[in-house]
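I opened this notebook to record what I looked up in the structure.

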Amino acid sequence: MRLSDLPKGTPAVVDGVHDAHVDDPIAQRLRDLGFVDGEPVRVVAVGPMGGDPVLIQIGFTRFALRRAEAARVSVRSEIVA
Amino acid sequence: MSASTLRIALVGNPNCGKTALFNQLTGGRQKVANYAGVTVERKEGRFTAPSGRVLQILDLPGTYSLEANSPDEQITRDVCAGQFPGEAVPDLIVCVADATNLRLHLRFVLEVKRLGRPVVLALNMMDTARHRGIVIDVPELQRRLGLPVVETVAVKRGGARALIERVDGEVPLAAPVQADDAASRSDLHGQVRELLAATVTMPRTTAALDDALDRWALHPVFGLAILAVVMFLVFQAVYAAGKPMSDLIGGAFGWMGEHVAVLMPAGPLQSLVVNGLFGGLGTVIGFLPVILVLFLFILTLEESGYLPRAAFLLDRLMLSVGLTGRSFIPLLSSFACAIPGIMGTRSIQDPRDRLATILIAPLMTCSARLPVYALLIGAFIPMHKVFGIFNLQGVVLFALYLAGILGAMAVGWVMKHIRRDKSEHALLMELPSYRMPKLRDVAIGLYERGAIFMKRLTGVILGLTVLMWFLSTFPGPPADATGPAINYSFAGYLGRGLQYIFAPIGFNWQISLALIPAFAARETAVAALATVYLVGGDAAGGLGHALAGQFSLASALSLLVWFAYAPQCMSTLAIIRRETNSWRNVVISFGYMFALAYTASFIVYQVTRMLT
């Protein structure tokens with residue numbers, strides 16, 4: 001599932017970030033910001049117009065991502081261990 | 001470099017409290033300039049350590065990664081690596097990390113460490129970390145990182161003592177340089193996780209206060225309502241405090257000019273001093289209160305963490321016209337005055353988004369347009385009611401504001417479609433924790449904005465004001481002159497020449513002439529029209545009635561629309577030059593606004609003439 005499709009409030013775990021094209025600086029920056037395999041994420045808010053951008057909680061940090069940016073991140077639902 | 005001076009570069013993620021730490025260390029002893037060849041702000045300060053050694057500190061732009069995505073991030077990367085032309089290699093890098101957000105910030109610390117330069121890590125906001133129950137094993141972190149680690153609280157007096165003691169001592173040894181490739185980069189996250197597991201214990205992932213505040217501040221309905229209230233208060237303050245002070249300053253300089261005039265013999269020199277010098281200074285310094293009041297709010301909102309929330313709420317709307325959520329505050333400021341608006345675009349990191357915002361900002365209806373609007377509307381628009389409740393004069397004023405906004409949206413949309421760089425530019429914006437703004441940081445920020453405006457623009461605006469005075473004064477009228485002196489001046493000739501250009505939009509030579517001094521400041525258009533039409537007194541009502549007999553409704557409407565769009569403010573053009581470091585952008589601004597104003601006025605004039 002893509003992070004842009006994750007319903008608000010549902011906990012999930014990052015799988016990885018996919019480049020939208022070759023040498024995608026946005027994908028690289030997402031990885032630098034900590035969107036890497038195994039990190040727990042959650043959508044905490046969505047923008048008032050068309051649900052864009054989305055506010056993502058990752059670790060201690062909240063990042064506003066446009067839907068096109070969030071679509072680069074694939075997530076899986078959290079497996080309760 | 002003298003042996004006793006130590007060059008320190010301050011680096012860190014955005015929102016790590018780096019600038020507050022910089023302010024704590026250097027106080028008011030800061031120099032703000034630009035890096036050579038780019039419009040990125042360069043902040044340097046110095047202080048003397050207890051040992052007597054002078055520490056020279058460079059506050060580098062905040063970045064999440066040395067893999068730079070924007071000009072300011074490239075500067076941080078190049079200065080740290082000692083590759084920026086004209087900047088000395090720092091003797092020591094102080095990497096600042098937010099102790100409450102180590103998962104994000106430690107990765108950057110590891111990245112900086114790999115440069116192989118001497119590094120000290122400052123764990124900032126240690127008080128907040130303790131308050132939230134985050135426990136950090138500092139000695140263990142220091143051992144595992146292989147870097148000296150100190151604790152700081154940038155917002156508390158004496159909160160940087162440990163850092164000062166550390167940097168005043170021996171420069172630590174540098175870690176070995178490590179290769180930078182994709183595989184080792186992705187490995188950094190693994191190292192961060194290990195470090196966190198071994199040295200940090202934390203109870204909860206976020207602050208409960210942030211959760212609670214964001215539930216309201218980012219709510220689709222309440223969030224927008226809160227934003228509207230905040231903006232309403234800002235504007236109330238600008239008009240209740242800033243504008244009267246500006247008028248007072250303008251008046252004071254006029255009064256001083258008159259008193260100096262008494263001491264001088266009548267003639268060109270007296271006129272230069274009174275109208276050119278004092279008039280010009282009044283204009284320049286008169287901008288200052290509006291700029292300071294606006295920036296007081298902008299800085300407070302920025303420090304408190306609210307500004308990115310506003311950008312979040314409005315990003316979608318702004319994106320649809322080729323801008324970003326961050327463009328909103330600068331554009332809103334431009335309703336008071338385009339100058340602080342354009343200066344405020346420094347908060348937009350992306351150069352393309354920033355330039356688009358700068359080009360659009362002058363279309364917002366600034367307060368200097370109001371006297372012109374008030375005069376022309378009062379003279380030409382009847383007071384009658386529309387639909388029983390609205391006053392037609394008010395409707396026209398509203399339409400002019402709307403025209404500015406719609407014009408800006410149209411220009412943004414067109415720019416989005418004609419620019420060469422159509423690539424996706426990211427939002428990727430961190431919403432930091434809310435915090436109480438600190439008086440010192442706001443005060444230093446305000447001082448910087450004021451100083452930038454006064455230092456960089458006084459000369460330009462004063463020069464242009466004197467030039468406008470010269471054009472309107474020379475050559476003097478012949479002895480047998482019957483009309484006002486300005487009719488015989490260069491401006492008079494220019495006005496007569498310009499009327500051929502402006503005739504299709506309904507401007508006679510008197511209006512064309514009045515546009516020339518109005519280029520120095522829009523509001524002087526009123527005084528200029530009064531002079532040209534030989535109307536005595538300052539009473540706007542009197543001038544309004546005089547004007548109503550001199551030209552048609554079509555010309556008046558056309559002139560209103562002209563003032564809504566035209567590049568009628570040289571101070572704005574001067575600040576565009578300063579902020580973008582490019583004459584090309586000044587030419588683009590002037591050119592597109594002239595074309596837009598001319599086209600719109602032409603349509604309004606011709607349509608009104610057909611209808612009346």
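**Entry 1: two loop residues**

I located Leu66(B) in the loop of chain B between β4 (54–59) and α2 (71–80); helices (H or I, at least four residues) and strands (E, at least two) are DSSP runs numbered from the N terminus. I note that the model is predicted: local features need pLDDT of at least 70, side-chain atom pairs count only at pLDDT 80 or more, and totals for chains, interfaces and linings use all residues. Residues are numbered from 1 along each chain as its sequence is written, and chains are lettered from A and ligands numbered from 1 in the order in which they are written.

Is Leu66(B) buried or exposed? I found 21 other C-beta atoms within 10 Å, so Leu66(B) is buried (20 or more such atoms means buried, 12 or fewer exposed, in between partly exposed, with C-beta atoms placed from the backbone). Leaving aside neighbours within four places in sequence, Leu66(B) is in contact with Arg77(B) and Glu111(B); contact requires C-beta atoms, placed from the backbone, within 7 Å. The C-alpha atoms of Leu66(B) and Glu424(B) are separated by 21 Å, at 358 residues apart along the chain.

I then looked up Ala179(B), in the loop between α6 (161–168) and α7 (182–199) of chain B. Ala179(B) has 7 other C-beta atoms within 10 Å and is therefore exposed.

**Entry 2: a helix pair**

I examined α18 (490–502) and α19 (509–518) of chain B, whose axes come within 7 Å and cross at roughly 120°. The axes are lines fitted to C-alpha atoms over the stretch in contact, and angles run from 0 to 180 degrees between N-to-C directions. α18(B) and α19(B) are therefore oblique (under 35 degrees is roughly parallel, over 145 roughly antiparallel, 65 to 115 roughly perpendicular, the rest oblique). The residues in contact include Leu498(B) and Phe502(B) of α18(B), and Trp509(B) and Ile516(B) of α19(B).

**Entry 3: the chain interface**

How many residues of chain A are in contact with chain B? I recorded 29 residues of chain A in contact with 30 of chain B. On the chain A side, α1(A) gives the most, with 6 residues. By class, that side has 15 nonpolar, 7 polar and 7 charged residues; Ala, Val, Leu, Ile, Met, Phe, Trp, Tyr, Cys and Pro count as nonpolar, Asp, Glu, Lys and Arg as charged, and the others, Gly among them, as polar.

Terms used: Two residues are in contact if their C-beta atoms, placed from the backbone, lie within 7 Å.
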